[in-house]
Amino acid sequence: MNAPVTDLVDVPGDEPAPLLELVDVRASYGPIEVLHGVNLALQPGSVVALLGPNGGGKTTTLRVCSGVLPVEHGELRVAGRVVNGVDAAALARLGVCTIPEGRGIFPNLTVRENLWVATGTGVSLKDLEAVAYERFPILGKRRGQLAGSMSGGEQQMLALSRALGTDPTVLLLDELSMGLAPRIVTEMYDIVGRLVDDGLSILVAEQFARAVLPIATSAALMLQGRVVRVGDPADIEHELSTSYLGG
Ligand SMILES: Nc1ncnc2c1ncn2[C@@H]1O[C@H](COP(=O)(O)OP(=O)(O)O)[C@@H](O)[C@H]1O
Ligand SMILES: [Mg+2]
C-alpha cells in the first residue's frame with residue numbers, strides 16, 4: 001500500500017517489477033521474423049539461463065535486451081519502464097550491460113587499451129584498472145599485452161572487467177563457454193556466480209546448459225523464436241538433453 005507508482009509502470013499486481021522483462025516481443029532481421037512473441041523476466045538477484053539448441057533465438061533475444069535490435073511488437077521493460085526504441089548506449093546508462101557472443105574485445109589492443117575503451121561510459125581508466133586487476137590479478141600482469149594473444153579465459157576475464165567497470169545492474173552474457181576448455185568454463189561461471197552476491201542480476205544464454213546450471217536460479221527453454229518453458233534449471237536441462245539434443 002501507498003507504494004510510489006511511476007506513470008510508466010505497466011505491470012499487474014503488487015509485485016515489484018522485474019529488472020528486465022520482455023513481453024510478447026517480436027523482432028526480425030530484415031524481412032525475416034526471428035522472435036515470435038518472447039516472454040521473459042529477470043528478477044533482482046537472479047541468474048536466468050536462456051537455454052536451447054542453436055538457432056533458437058537466444059542471441060537475438062539478448063540483442064533486443066541490449067538495444068541493438070529493435071522491438072517490432074510487444075515491450076522491452078527495464079525496472080517496469082517500457083524502453084522500446086531506447087538505444088544501446090542509453091540502456092547501458094540504465095544499467096544494462098552486455099558481453100556479446102565472441103566477447104567483443106579488441107584483439108589488436110592491449111589489455112589496458114581495451115579497458116580504456118570502457119571509459120566512454122564515464123569511469124576513469126584508473127578505476128577500471130584497479131577493479132579489473134584486483135578481481136583478476138593475471139590481467140594486471142598482462143596489462144601491456146595484446147588482448148588477442150591471451151588465452152580464451154583471460155580474454156573472457158577482460159570482457160567481464162570491461163563490462164563491470166560500468167557498474168551495471170543487469171549483465172547479459174552470450175555463450176560464455178564458447179572456445180573455452182571445460183575447466184575454464186567452470187572457473188568463469190564460478191566468477192559470474194559471485195557477481196550476483198555483489199548485487200548483479202544476470203541473463204545468460206548458453207547452448208551447453210550444464211556449464212551454467214550450478215549458478216542458475218531459473219532456466220528458460222528457447223525453441224524457434226519462443227520461450228516455451230521456464231522452470232527449475234535441472235528440469236529444463238533434463239528436458240533439453242532428452243528431447244532436443246538427442247540424449
Ligand atoms: N544477422 C542475422 N541475419 C539474419 N538472420 C539471422 C542473423 N542472426 C541470426 N539469424 C537467424 O535468427 C535465428 C536465431 O538465431 P540466434 O538468435 O543466433 O540463435 P541462437 O543464439 O539461439 O543460436 C536463426 O534462424 C538464425 O539463422
Ligand atoms: Mg547464439
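The model is predicted, so to speak of local features a pLDDT of at least 70 is needed, side-chain atom pairs count only at pLDDT 80 or more, and totals for chains, interfaces and linings use all residues. Residues are numbered from 1 along each chain as its sequence is written, chains are lettered from A and ligands numbered from 1 in the order in which they are written, and side-chain values use heavy atoms, with hydrogens and water left out.

**Around the ligand**
- The residues surrounding ligand 1 include Y29, V34, P53 and R63, where a neighbour has a heavy atom within 4 Å.
- By class, this shell holds three nonpolar, six polar and two charged residues, and Gly counts as polar here.

**Contacts with ligand oxygens**
- The side chain of N54 places an N or O atom 3.0 Å from an oxygen atom of ligand 1.
- G55 uses a backbone N or O atom, 2.7 Å from a ligand 1 oxygen.
- For G56, a backbone N or O atom is 3.2 Å from an oxygen atom of ligand 1.
- On its own, ligand 1 has 560 Å² of accessible area, and the protein covers 59% of that (Shrake-Rupley method, 1.4 Å probe).

**Helix α1**
- Residues 58–65 form helix α1, which gives the most to the ligand 1 shell, with four residues (a helix is a DSSP run of H or I, at least four residues).
- Seven of the eight α1 residues are buried, meaning under 20% relative accessible area with a 1.4 Å probe and protein chains only.
- Among the buried ones are K58, L62 and C65.

Notes: Polar contact = N/O pair within 3.5 Å; in protein donor to acceptor, adjacent residues only side chain to side chain. Helix = DSSP H or I, 4+ residues; strand = E, 2+ residues; numbered from the N terminus. Buried < 20%, exposed > 50% of the residue type's maximum accessible area, 1.4 Å probe, protein only.
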